[in-house]
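Dear colleague,

Please find below the structure for your records. My notes on it follow directly after.

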Amino acid sequence: AAMSKSAKDALAAQLDALMGKERDVPVEKRTNRTVNFWDEDVDKYWICGCSPHLILRNSRSDLGVWDKVQDEDAKAAWDVL
């Protein structure tokens, strides 16, 4: 039982309205993605105000490259709590 073209279009339009036009795009490649403080790639230490990677940068105890994101909007959301 194949769906008609108009039924598929109607279903796709409804999914776009509910989930956004980028519903099939991987999360890391979405253009409208907002960064939240609970995301895996956010620097939780920086959000709390004490990132050892920033404090120890250019010292003997430098921790090296840090791949976490330091996002001002995520910090602001944390500070509201």
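Which residues make up the largest nonpolar core? The five residues are Phe-37, Val-42, Trp-46, Ile-47 and Ala-74. A nonpolar core here is a set of buried Ala, Val, Leu, Ile, Met, Phe, Trp, Tyr and Cys residues joined through side-chain atoms within 4.5 Å. Buried means under 20% relative accessible area, exposed over 50%, and partly exposed in between, with a 1.4 Å probe and protein chains only. As general background, nonpolar side chains in soluble globular proteins tend to be buried together.

Please note that this is a predicted model, in which local features need pLDDT of at least 70 and side-chain atom pairs count only at pLDDT 80 or more, while totals for chains, interfaces and linings use all residues. Residues are numbered from 1 along each chain as its sequence is written, and side-chain values use heavy atoms, with hydrogens and water left out.

Overall form

The protein has four helices and zero strands, in the order α-α-α-α along the sequence. Helices (H or I, at least four residues) and strands (E, at least two) are DSSP runs, numbered from the N terminus. The radius of gyration, taken over C-alpha atoms, is 20 Å, whereas a compact globule of 81 residues would have a value near 12 Å; the globule rule is 2.2 Å times the number of residues to the power 0.38. The C-alpha atoms fill a box of roughly 65 × 30 × 20 Å along the principal axes. Of the 81 residues, 15% count as buried.

Around Trp-46 and Ser-51

Trp-46, a member of the core, touches Ser-51, Leu-54, Gln-70, Asp-71, Glu-72 and Lys-75, not counting residues up to four places away in sequence. Contact means heavy atoms within 4.5 Å. Ser-51 lies in the loop between helix H2 (44-48) and H3, and is buried, with a relative accessible area of 4%. Leaving aside neighbours within four places in sequence, Ser-51 is in contact with Asp-43, Tyr-45, Trp-46 and Gln-70.

Asn-58

Is Asn-58 buried or exposed? Asn-58 counts as exposed, at 70% relative accessibility. Asn-58 is placed in the loop between helix H3 (52-55) and helix H4 (72-80). Although not a glycine, Asn-58 has a positive phi of about 60 degrees.

Yours sincerely
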